[in-house]
Amino acid sequence: IAHKQQLDAEGYDTIIRPAAAYSTGGWFPDPVLSTMLGGGNDALPGLANVILHESVHATVLVPDEPFFNESFASYIADALTDHWIAVRFGPGSPEDLAWALGQALRLPVVARTLDTYQQLKKVYDSNDPRDKKLAAKTRIIDELVADLHLRRRPNNASLTEVRVYNGGQAALLDAHRACGDVRSLVLAGKTLTRQDFAKTLQDDLTPIAKLLGERCKLAPTPRSPTPRAG
């Protein structure tokens, strides 16, 4: 916390939060922690989602590419959670409704936050002077706070976190459609290496999604049930 306060004082945007779960990337068995389980009808769907997310990291992990790793894990976990709920509890069950409602509330917030990220990126990439950029940053974030009725003000760090975990969803949906099912998409993901990415920390996953689709076509696999797309 003291280090965060020091960085904040120096003008950096920072974020600090607890982690409900973590993955060792397949090096060791990942723990299942008490912090991963909440309450209510969405407790088990939420737990399954976290376990699936971390399991993806143990299956597909490209060094130095967190935008891909986290977006891919989030996409696969959400798709498989939909399928698991349907099989385990059934369509229309309390667990299914709780999960669907949570997603319905979360996804528009994520979309609006990602739009703010893109607005700010255009500002930062411009040739405007620093004071004009900071004024634009304040205005854009003020609009986000007002639109979403946020109690905690976002900053560059928290917006980047949303981008890391969710920024590739549209591209990955295209890859999913090209592959036909989740199993094929994951198998294609396992073929990726650092050399497939144009740069370290690549945040545009459109070319990677296209590559996944191409590799699925080159190596077709038996089809499995395709979960509903979120």
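Reader: Which helices do the buried residues of α6 pack against?
Author: In this predicted model, the buried residues of α6 pack against α3 (66-88), α4 (94-125), α5 (130-148) and α7 (169-179).

Reader: And which residues of α6 are buried?
Author: Helix α6 covers residues 156-166, and its buried residues are Ala-157, Ser-158, Leu-159, Arg-163, Val-164 and Asn-166.

Reader: What does Asn-155 do at the start of α6?
Author: A side-chain oxygen of Asn-155 comes to within 3.0 Å of the backbone nitrogen of Ala-157, and Ala-157 is itself one of the buried residues of that helix.

Reader: Okay, what about the largest nonpolar core, how many residues does it have?
Author: That core has 25 residues, and those with the most contacts inside it are Phe-68, Phe-72, Ile-76, Leu-185, Leu-192 and Leu-212. Two or more residues each are given to this core by α3, α7, α8 (182-189) and α9 (206-218), with the largest share, 6 residues, coming from α3.

Reader: What does Phe-72 touch?
Author: Leaving aside residues up to four places away in sequence, Phe-72 touches Val-56, Val-60, Leu-172, Leu-185, Val-186, Gly-189 and Leu-212. There is also a second, separate core of 8 residues, which includes Val-123, Ala-136, Ile-141 and Leu-144.

Reader: Switching to the surface, which residues make the nonpolar patch?
Author: Leu-37, Leu-44 and Trp-84 make a nonpolar surface patch of about 270 Å².

Reader: Where does Leu-37 lie?
Author: Leu-37 lies in the loop between α1 (2-9) and α2 (43-57).

Reader: Why does Leu-37 count as partly exposed?
Author: Leu-37 counts as partly exposed because its relative accessibility is 47%, and that term covers values between 20% and 50%.

Conventions:
Residues numbered from 1 in each chain as written. Predicted model: local features only at pLDDT ≥ 70, side-chain atom pairs only at ≥ 80, totals over all residues. Heavy atoms only, no water. Buried < 20%, exposed > 50% of the residue type's maximum accessible area, 1.4 Å probe, protein only. Helix = DSSP H or I, 4+ residues; strand = E, 2+ residues; numbered from the N terminus. Contact = heavy atoms within 4.5 Å. Polar contact = N/O pair within 3.5 Å; in protein donor to acceptor, adjacent residues only side chain to side chain. Patch = residues over 30% accessible without salt bridge, like charges linked within 9 Å, V, L, I, M, F, W, Y side chains within 5 Å. Areas by Shrake-Rupley, 256 points an atom, 1.4 Å probe, with all protein chains shown as cover. Salt bridge = Lys/Arg side-chain N within 4 Å of Asp/Glu carboxyl O. Core = buried A, V, L, I, M, F, W, Y, C linked by side-chain atoms within 4.5 Å.
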